[in-house]
Amino acid sequence: MRDHARQSLSEEQQRQADRAATRAATGGYDAAANILEQLIEQRPHHPELWANLSTLYHRLEKSELRDQALARARELNPDSIPALNLSGILALNADQPQSAERLFKRIVALEPDYPDAHYNLALIYDTYYQDLERAIDHYQNYLALIEEPDDATTAWLEQLKNALKRQQHREHAG
């Protein structure tokens, strides 16, 4: 779906969307939001624009605008990966791990190579459920999918593997 949505922008609109992404990547969230707001005036039925705008509003701590943009994105495309991801993050922030887990699992079902969903599932299994095996699986998937090394996660993964070995040893010894 994301490819279809991307193709539905004209070349100039895609350049503007790319410019917004570049601004956001360098911390220019206000400027990026302004660009997307202008694009949405031209393409009000484009779900990924709404999803990206909701993420920017989240970073700008504009929760009412974030929620409106997020609702619009999910209305236009219930399977919007960025919208599902932000919804999952908001569920985690609201201490609703079951809801977050459901959303991140949906992302993995739709797009198995989306690293953030694996990372967030790993956090849920690690932090909320203490399910080390599933946490390890998702941390490994995340690390395999990212382009740049994540030394902190790699080190944490090794600690979890060691903790799982100790847990399994205790279970077999007892």
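Reader: What share of the contacts in the protein with a separation of 6 or more comes from residues 24 or more positions apart?

Author: Contact here means heavy atoms within 4.5 Å. In this protein, residues 24 or more positions apart supply 48% of the contacts with a separation of 6 or more. Keep in mind that this is a predicted model, where local features need pLDDT of at least 70, side-chain atom pairs count only at pLDDT 80 or more, and totals for chains, interfaces and linings use all residues. Residues are numbered from 1 along each chain as its sequence is written, and side-chain values use heavy atoms, with hydrogens and water left out.

Reader: How many helices and strands does the protein have?

Author: Both are DSSP runs numbered from the N terminus: helices are H or I with at least four residues, strands are E with at least two. The protein has 10 helices and 0 strands. Its C-alpha atoms fill a box of roughly 65 × 30 × 30 Å along the principal axes.

Reader: Now to packing. At what angle do H5 and H6 pack?

Author: Two packed helices are described by the angle between their axes and the distance between the axes. Axes are lines fitted to C-alpha atoms, for helices over the stretch in contact, with angles from 0 to 180 degrees between N-to-C directions. Helix H5 (residues 63-76) and helix H6 (residues 81-93) meet at about 135°, and their axes are 10 Å apart. Angles under 35 degrees count as roughly parallel, over 145 as roughly antiparallel, 65 to 115 as roughly perpendicular and the rest as oblique. H5 and H6 are therefore oblique to each other.

Reader: Which residues make the contact?

Author: H5 contributes Arg66, Asp67, Leu70, Ala73 and Arg74, while H6 brings Ala83, Leu84, Leu86, Ser87 and Leu90.

Reader: And where is Leu164, and is this residue buried or exposed?

Author: Buried means under 20% relative accessible area, exposed over 50%, and partly exposed in between (1.4 Å probe, protein chains only). Leu164 sits in helix H10 and is buried, with a relative accessible area of 12%. Not counting residues up to four places away in sequence, Leu164 touches Leu132, Glu133 and Ile136.

Reader: Which residues of H9 are buried?

Author: They are Leu132, Ala135, Ile136, His138, Tyr139 and Tyr142. These buried residues of H9 pack against helix H8 (115-128) and helix H10 (151-173). Across the protein, 40% of the 174 residues count as buried.
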